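Biologist: I am new to structures like this one. Please pick out a single part and take me through it closely, then show me how it sits in the whole.

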Amino acid sequence: MDSRPAQFEALVRAHASGLYRYSAWLGNNKEDAEDLVQETFMRAWKAMDSLRDARAARGWLMTILRREHARRFERPRAEDRRLDDLDPQRLESSTDADRVDVLTLRQGLAALSTDYREPLLLQVLGGYSCEEIGVMLGVKPGAVMTRLSRARQKLRKRLGSAGGFAWKAGGSR
Amino acid sequence: MNCVAFRRALDTAPGTLSPEMLSHRRECASCETFARRQEAFERRLAEAVRIDVPEELASHVLLAHSLRLKADRRVRRRRLLFVSLAAGVVLGLAASWLALRPGPLDGEVVAHIEKEASHLVQRRELSPAQVNEVLAPLDITVAGDLGTVHYAGTCRIRKRLGAHLVLSGEKGPVTVLILPGERVAGRIPIVSPRLRGIIVPMERGSIAIVGEPGEALDAVESRILRAVRRGARDGPHVAGGRHPGGRERRYA
């Protein structure tokens, strides 16, 4: 792709949705998510020359977004705003039970602290390994593994107490 | 691999099962069940994080981006215009300053003599008292022999009050300009097609002595330096360099 605007448009079309979801979960807020995505791409435009490998684009954009999010919301906000996307009709799950599980998971994700939610999002949305997440968050891979494991445990527990998904899968050796 | 390690590995990296994990899964019915449940959990989790994205999000981003670039360009253009105007004003001021600032003193002296060339042909001989009366506003007195003085008057060079004397020389008239406000660092020769001269530094100013080519200016200079004194010989000092009568005086 030759021109800078064309490269930029391709970048936006390829990554806007993923960034939006990451942004919404990161801030637990859909209202600010689009603004944050706009700002991320504005900054990306200015720094386009520093992006040399197209395969690194997603991680590069997520890093810009994380920094912008931290800059905007460096002061902790009251947790009075939650993701409001819990309409079961919109979910892809085939059965009502599955839909309830997904809604419960969304509530559980929103309730997770950022320390647990962020590595989980980077893994599930971004597809990053523990090592890569460790680099992005500035923590050791072992700490990332612990956070990921605890985040899943909390979500499973929430599912269990909501009457969904049974987790007692028998004894272990 | 034991069950705890298997389940922890699944919890931290659910999509990647190593050969060792696959082997344990085949052998352990309990972990096989756990893994199946885990896969179902991951499918639900992946669906949970995939919240709806606003329709046409990418188009909104691109539109907002292009509008913002346009706005930024407008701001940059305004800034450039302002800088250009400011630079124009500064250049204009600099050009005015260069145009209005005085030229070299030797050139100004020659120009002044040529402008007031009529004084060079005066033949009247002035008395020392008449000369001192003219010099009084400058707080200067003549206390010795200047030679024959044909003209004495005050004049302005570079907007400063000075004295204009015309003496008799060997080759023709010699002009002496006493310039109290014009300090010079050293002696400055004056050379023009018709005149030769010298500007001599004094305690609080300078004196220009200009005559015809070949004139013995050194002798005139010695006479002047001996005769001219700072301070009034008779009467009070005139504040502000003005004559008591309030007008510039001249004798010719």
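Modeller: Chain B holds seven helices and nine strands. Here helices (H or I, at least four residues) and strands (E, at least two) are DSSP runs, numbered from the N terminus. This is a predicted model, where local features need pLDDT of at least 70, side-chain atom pairs count only at pLDDT 80 or more, and totals for chains, interfaces and linings use all residues. Residues are numbered from 1 along each chain as its sequence is written, while chains are lettered from A and ligands numbered from 1 in the order in which they are written.

Start with strand 2 (residues 149-157) of chain B. Strand 2 pairs with strand 3 (residues 160-168) of chain B in the antiparallel sense, over eight bridges. Two strands pair if DSSP finds at least two bridges between them. Look for A152(B): L165(B) in strand 3 of chain B stands opposite. These two strands make a hairpin, with two residues between them. In that turn, R158(B) has a positive phi of about 55°.

Now follow the chain onward. Strand 3 of chain B also pairs with strand 4 (residues 173-179) of chain B, again antiparallel, over six bridges. There, V174(B) is the bridge partner of L167(B). This second hairpin has four residues between the strands, and G172(B) takes a positive phi near 160°.

Next comes helix 7 (residues 217-227) of chain B. Its residues L217(B), V220(B) and I224(B) are buried. A residue is buried if 20 or more other C-beta atoms lie within 10 Å of its own, exposed if 12 or fewer, and partly exposed in between; C-beta atoms are placed from the backbone. Look down the axis of helix 7 of chain B: the buried residues fall within an arc of 60°, so they line one face of the helix. The arc is taken over the directions from the helix axis to the C-beta atoms. The face turned away carries the exposed residues D218(B), S222(B) and R226(B). What covers the buried residues? Strand 3 and strand 4 of chain B are among the covering elements, which also include strand 6 (196-202), strand 7 (205-211) and strand 8 (228-230) of chain B.

Step back to the whole of chain B. It has 252 residues, and 26% of them are buried. One core of 35 residues includes V110(B), Y151(B), V174(B) and L177(B). A nonpolar core is a set of buried Ala, Val, Leu, Ile, Met, Phe, Trp, Tyr and Cys residues joined through C-beta atoms within 7 Å. V174(B), then, is both a bridge partner and a core residue.

Chain A is built with seven helices and zero strands. Of its 173 residues, 33% count as buried. The largest nonpolar core has 42 residues, and L19(A), V37(A) and L121(A) have the most contacts inside it. Helix 1 of chain A gives the largest share of this core, nine residues. Setting aside neighbours within four places in sequence, V37(A) is in contact with A16(A), L19(A), Y20(A), S23(A) and V61(B). Contact means that two C-beta atoms, placed from the backbone, lie within 7 Å.

Finally, the two chains meet. 44 residues of chain A are in contact with 33 residues of chain B. Helix 1 of chain A supplies the largest share of chain A's side, nine residues.
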